[in-house]
Amino acid sequence: MILKIHGKALILFFGILFLACSEDQNTAYQVSGRVINDSGDTENVIVQIDNKENFRTTTNSAGEFVISGVSLGDHTLELFKQYEGDIYSQKTVEIEVNQDIYLNALTLPSPLILDQPNTITENSIQLKWSMADAADFYEYKVYVHDNEGLDELTGELIYVGTSIDDTVFEHTNLLPDKSYFYRVFLRDQFGQIGGSNIVSATTLEGILIRDGGFEIADSNVIHWDIRDSLLNEVTTQTSAEGASCFYNQIPLLDNNFVPATSMETTYLINVEAGRTYNLSAFGRVQGEHTEGTTNLWVYIKQGNTTIVFMDFNFDSNNSNGIGYIEDTGWVQRSKVFQTTSSIPVKIYMATGFQNTWIDALSLTPQ
């Protein structure tokens, strides 16, 4: 009797199990389809549903795929295609499964190609990339980094373009002789749908100090703010290099006080933290001066902080607070230093001599 009871229970159990399996089979469907894009390269596109490994496949040479065993209800279907050079395209589609379905013409964005820059100056790089073909285009985002490990987390965002045909950007205010790495990301309103290749370019070696040779006739006005000067000009009467130089004159006042002329660049100069630079100039002085203003100085400031001070150290004899120096002729000084900050700098000069000439002023990255 007991055996008969157990047998009935066993039959009942397998009956329930059979019905459950039959119900699962009835609610498991097939999702298939075809991926297309304008580039025509749709083989080996990864297709995945709900980010599950058992619902993951790749397209064949015709861009077709099949995923079986998908349950009834709403699902997220993801397309992802990896190309050479870190280029990728991806697309997310929400689907409703209540029967076997075939998704015809799933459109994957064509790969975004960033051209190798060919318009480069000492402080700018122009970027160009292919125009997106995504119907749901939202924006381009351009990132820069100092190495090729570049994505939206490691890079610095430098440009956002919201027009689909806006495919050119000029990156400006760069450092001379420095390498930059770039990448463009394509987005719809929900997130990334593509990433371009990574390109690098190096800015040209540049002259950081504008017209340091004073070859432009009004360079003293354009490039310098000058204070306490009786006369300052670009002169061709003498020069250390080239055809001309800068000349400054200050008066000896009745009270035997000579005001020192001071000057600073009208522009900021970008520098790179941790880089070595060489500051150099030719100087020449002659005439009277008062004690305490017996030298010609060239120095560099970041904000209000002096980071480099170069003294020409001209010798002079002082008598009763008044000194006089014979014409020194052209003397060159230079100073090598390393910056600790990327804060832009200005160049300053000061002189307490009645007559001062300056030429070939330069700041060169090493």
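How much space lies in the largest pocket? In this predicted model, the largest pocket holds about 240 Å³ of space.

**Largest pocket**

- The lining of the largest pocket consists of 13 residues.
- Nearest the centre of this pocket lie N123, R210, L268, I269 and N270.
- Sorted by class, its lining comprises 7 nonpolar, 4 polar and 2 charged residues.

**Second largest pocket**

- The volume of the second largest pocket is about 150 Å³.
- Its lining is formed by V144, H145, D146, T154, G155, E156, I158, H171, K178 and Y180.
- Two or more residues of this lining come from each of the strands β9 (139–145) and β10 (156–161).
- In terms of class, the lining of the second largest pocket divides into 3 nonpolar, 4 polar and 3 charged residues.

**Nonpolar cores**

- In soluble globular proteins, nonpolar side chains tend to be buried together.
- In the present model, the largest nonpolar core contains 31 residues.
- The residues with the most contacts inside this core are L279, I347, L361 and L363.
- Two or more residues of the core are supplied by each of β19 (276–290), β20 (296–302), β21 (305–311), β24 (331–338), β25 (346–351) and β26 (355–365).
- The contribution of β19 is the greatest, at 4 residues.
- Leaving aside residues up to four places away in sequence, L361 is in contact with I209, G212, W224, L279, S280, A281, V298, I347 and M349.
- Two of these partners, L279 and I347, are themselves named among the residues with the most contacts inside the largest core.

**Pairing of strand β1**

- Strand β1 (residues 28–36) runs antiparallel to strand β4 (residues 64–71), and 6 bridges join the two.
- Within this antiparallel pair, S32 is placed opposite V66 of β4.
- Strand β1 also pairs with strand β7 (residues 101–107), here in the parallel sense and over 5 bridges.
- On the β7 side, L103 is the bridge partner of G33.

Conventions: Residues are numbered from 1 along each chain as its sequence is written. This is a predicted model: local features need pLDDT of at least 70, side-chain atom pairs count only at pLDDT 80 or more; totals for chains, interfaces and linings use all residues. Side-chain values use heavy atoms; hydrogens and water are left out. A nonpolar core is a set of buried Ala, Val, Leu, Ile, Met, Phe, Trp, Tyr and Cys residues joined through side-chain atoms within 4.5 Å. Buried means under 20% relative accessible area, exposed over 50%, partly exposed in between (1.4 Å probe, protein chains only). Contact means heavy atoms within 4.5 Å. Two strands pair if DSSP finds at least two bridges between them. On a 1 Å grid over the protein atoms alone, a cavity is a set of points where a 1.4 Å probe fits but cannot get out, and a pocket is an open set with protein on both sides within 12 Å along at least five of seven lines; lining residues have an atom within 4 Å of a point. Grid points are joined across faces, edges and corners, and a volume is the space filled by probe spheres set on the points. Ala, Val, Leu, Ile, Met, Phe, Trp, Tyr, Cys and Pro count as nonpolar, Asp, Glu, Lys and Arg as charged, and the others, Gly among them, as polar.
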